[in-house]
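Reader: I am new to this structure and would like to learn how to read its features. Could we go through them one at a time?

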Amino acid sequence: MPRKSVTDRLLTLFSFLTLEVLVVGGTFVASLLLFFYLTRVVFVAHSAQFDDWGFRQMEELRAGRLWLDSVARGITFFGSAPFLVAVAILGPSLLRWLGRKREALEVFLAVAGAALFNQLLKTHYHRVRPSSALLYQAGLSFPSGHAMIGMALYGCLAWLLWRHGRHPAWAGLLVVWAVLIGLTRVYLHVHYPTDVLAGFAAGLLWLILLRTALRLWWREEQKA
């Protein structure tokens with residue numbers, strides 16, 4: 001009877017590990033395909049169909065609801081450079097003080113790495129921002145930094161909560177929050193919808209690559 005119990009537990013653990021690998025691997029491939037598809041739409045086909053549709057949806061949402069401008073500006077702050085810099089410094093510092101050194105490193109690299117990766121992509125693609133922006137925003141447009149770094153940060157925090165089995169509902173809400181921040185960039189016309197979608201995809205790509213690399217590194221450390 002005990003042997004059967006141990007076997008059942010091992011089979012259950014294996015099934016969960018397999019499911020995790022499938023989900024993470026599938027997300028990585030889907031994000032990679034989406035990103036490159038968007039680059040073809042924007043820079044090869046030069047199609048503005050999706051961008052125009054996205055802006056129209058936001059204009060319809062905004063019509064008669066100008067109070068949403070203030071809400072959008074407030075939400076978009078949580079993906080801004082000042083906020084992200086503060087989080088990248090204070091968040092890991094707090095986690096280290098709590099004895100969570102690995103988690104501190106994950107959060108720092110999620111933000112810092114995504115920010116660097118975003119600048120490299122923006123410099124490479126060199127897309128100018130929309131001229132219809134509701135507020136001035138310096139820099140280039142593709143992919144959206146708010147969407148990309150926000151997805152990396154809040155996705156990382158969501159994964160940490162999920163991994164430790166604490167508040168899975170909050171983990172889901174963090175991902176929804178990252179998506180909402182990205183949508184405010186379209187609402188404010190500081191990014192094209194394709195910029196934001198590409199930002200989400202690139203943010204997930206970076207987060208998955210980072211977590212995979214850290215897992216392999218820590219595994220090698222334990223062996224040594």
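**Reading the model, feature by feature**

Author: Start from one residue. Apart from neighbours within four places in sequence, L153 touches L84, V87, V107 and V111. Keep in mind throughout that this is a predicted model.

Reader: Which residues have the most contacts inside the largest nonpolar core?

Author: The general idea comes before the case. In soluble globular proteins, nonpolar side chains tend to be buried together. Here the largest nonpolar core has 38 residues, and L153 and Y154 are the ones with the most contacts inside it. At least two residues of this core come from each of α2 (49-62), α3 (68-76), α4 (81-97), α5 (101-125), α6 (145-163), α7 (168-187) and α8 (193-223). The helix that gives the most is α6, with nine residues. There is also a second, separate core of 10 residues, and among them are F35, V42, M148 and A198.

Reader: How many helices and how many strands does the chain have?

Author: Eight helices and zero strands. Along the sequence the pattern reads α-α-α-α-α-α-α-α. Of the 224 residues in the chain, 40% are buried. The accessible surface is about 13,300 Å², and carbon and sulfur atoms account for 70% of that area.

Reader: Among contacts with a separation of 6 or more, what share joins residues 24 or more positions apart?

Author: The share is 78%. T39 gives an example to look at. T39 sits in helix α1, and its relative accessible area is 9%, below the 20% cut-off, so T39 counts as buried. Setting aside neighbours within four places in sequence, T39 is in contact with V44, Y125 and F142. T39 and Y125 are 86 residues apart along the chain, while their C-alpha atoms are separated by 8.6 Å.

Reader: Where is A133, and which residues does A133 touch?

Author: A133 is in the loop between α5 and α6. Not counting residues up to four places away in sequence, A133 touches L188, H189 and V190. A133 has 33% relative accessibility, which lies between the cut-offs of 20% and 50%, so A133 counts as partly exposed.

Reader: How do I read a pair of packed helices? At what angle do the axes of α4 and α5 cross?

Author: Two packed helices are described by the angle between their axes and the distance between the axes. The axes of α4 and α5 cross at roughly 170 degrees and come within 7 Å. An angle over 145 degrees counts as roughly antiparallel, so that is the description for α4 and α5. On the α4 side the contact involves L84, A88, P92, L95 and R96, and on the α5 side K101, E103, A104, V107, F108 and V111. Sorted by class, these are eight nonpolar, no polar and three charged residues.

Reader: Are α2 and α7 roughly parallel or roughly perpendicular to each other?

Author: Apply the steps again. The axes of α2 and α7 come within 9 Å and cross at roughly 90 degrees. That angle falls in the range of 65 to 115 degrees, so α2 and α7 are roughly perpendicular. G54, F55, M58, L61 and R62 in α2 meet L183, V186 and Y187 in α7. By class, this contact has six nonpolar residues, one polar and one charged.

Reader: What should I look for in the backbone itself?

Author: Look for exceptions to a general rule. Most residues other than glycine have a negative phi, and most peptide bonds are trans. In this model, the peptide bond from F142 to P143 is cis, with omega near -5 degrees. P143 lies in the loop between α5 and α6.

Reader: What is the phi of H46, and what is the phi of H126?

Author: H46 has a positive phi, near 55 degrees. H46 is in the loop between α1 (2-44) and α2. With 61% relative accessibility, over the 50% cut-off, H46 counts as exposed. The phi of H126 is also positive, near 50 degrees. H126 is in the loop between α5 and α6, and its 51% relative accessibility makes H126 exposed.

Technical notes. Residues numbered from 1 in each chain as written. Predicted model: local features only at pLDDT ≥ 70, side-chain atom pairs only at ≥ 80, totals over all residues. Heavy atoms only, no water. Helix = DSSP H or I, 4+ residues; strand = E, 2+ residues; numbered from the N terminus. Buried < 20%, exposed > 50% of the residue type's maximum accessible area, 1.4 Å probe, protein only. Contact = heavy atoms within 4.5 Å. Areas by Shrake-Rupley, 256 points an atom, 1.4 Å probe, with all protein chains shown as cover. Core = buried A, V, L, I, M, F, W, Y, C linked by side-chain atoms within 4.5 Å. Axes fitted to C-alpha atoms, helices over the stretch in contact; angles between N-to-C directions. Parallel < 35°, antiparallel > 145°, perpendicular 65-115°, else oblique. Nonpolar A, V, L, I, M, F, W, Y, C, P; charged D, E, K, R; others polar.
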